[in-house]
Amino acid sequence: MLADIDSDELTDWLAYEQVTGPLGPTRADVLHGIRAAVTANSVAGKGRKATPRDFIPTWDQSPPSAEDMFETVRTVTALLGGTDHTAGGHDADAQ
């Protein structure tokens, strides 16, 4: 899409979104969050009321670092009974 529009048009769309709210899938998430919160609150007892944010998933998280991914692989390997032969690995240290 960005290859087909110039910066002026992109600026116009960004301004439009600021006035009307999010466009695309984000808008659908917000609308479904509102509906889910209304439904949950209609059957909830006294206490904390649900908000739309309670039902909106977080899609765009920053990617994990290489070290975080490596630790996840180590954890899964250990849980599955695998052996870690990397430098600094727990099984490599024991040998």
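Which residue forms a salt bridge with R74, with the closest N and O atoms 2.9 Å apart? It is D84. Keep that pair in mind while we go through the structure. One caution before we go on: this is a predicted model.

Let's stay with D84 and R74. Where do they sit? D84 lies in the loop between α3 and α4, and R74 lies in helix α3, so this pair ties together parts that are 10 residues apart in sequence. Helix α4 covers residues 90-94. Are the two partners buried or exposed? D84 is buried, and R74 is buried too. For R74 the relative accessibility is 18%. The cut-off for buried is under 20%, so R74 falls inside it.

Now look at R74 again. A salt bridge also links its side chain to that of E71, at 3.2 Å from N to O. This time both partners are in helix α3, which runs over residues 66-79. They are three residues apart, about one turn of the helix. E71 has a relative accessibility of 35%, so it counts as partly exposed.

How many salt bridges does the count come to? Two. Shared partners join E71, R74 and D84 into one network.

Next, the aromatic rings. What does a search of the whole structure find? One aromatic pair. The partners are W13 and Y16, and their arrangement is edge-to-face. The centres are 5.8 Å apart, with 85° between the planes. Edge-to-face requires over 60 degrees, so 85° qualifies. Find them in helix α1, residues 7-20. W13 and Y16 are three residues apart there, about one turn of the helix. Both have some surface showing. W13 is partly exposed at 46% relative accessible area. Y16 is partly exposed as well, at 41%.

Last stop: the surface. Which residues make a nonpolar patch of about 320 Å²? They are V30, L31, I34 and V38. Take L31 as our example. L31 is in helix α2, which spans residues 25-43. Its relative accessible area is 49%, so L31 is partly exposed. A patch residue needs over 30%, so L31 passes on that point.

To recap, going along the chain. Then comes the network of E71, R74 and D84.

Conventions: Residues numbered from 1 in each chain as written. Predicted model: local features only at pLDDT ≥ 70, side-chain atom pairs only at ≥ 80, totals over all residues. Heavy atoms only, no water. Patch = residues over 30% accessible without salt bridge, like charges linked within 9 Å, V, L, I, M, F, W, Y side chains within 5 Å. Areas by Shrake-Rupley, 256 points an atom, 1.4 Å probe, with all protein chains shown as cover. Salt bridge = Lys/Arg side-chain N within 4 Å of Asp/Glu carboxyl O. Helix = DSSP H or I, 4+ residues; strand = E, 2+ residues; numbered from the N terminus. Buried < 20%, exposed > 50% of the residue type's maximum accessible area, 1.4 Å probe, protein only. Phe/Tyr/Trp six-rings, centres within 6.5 Å; stacked < 30°, edge-to-face > 60°.
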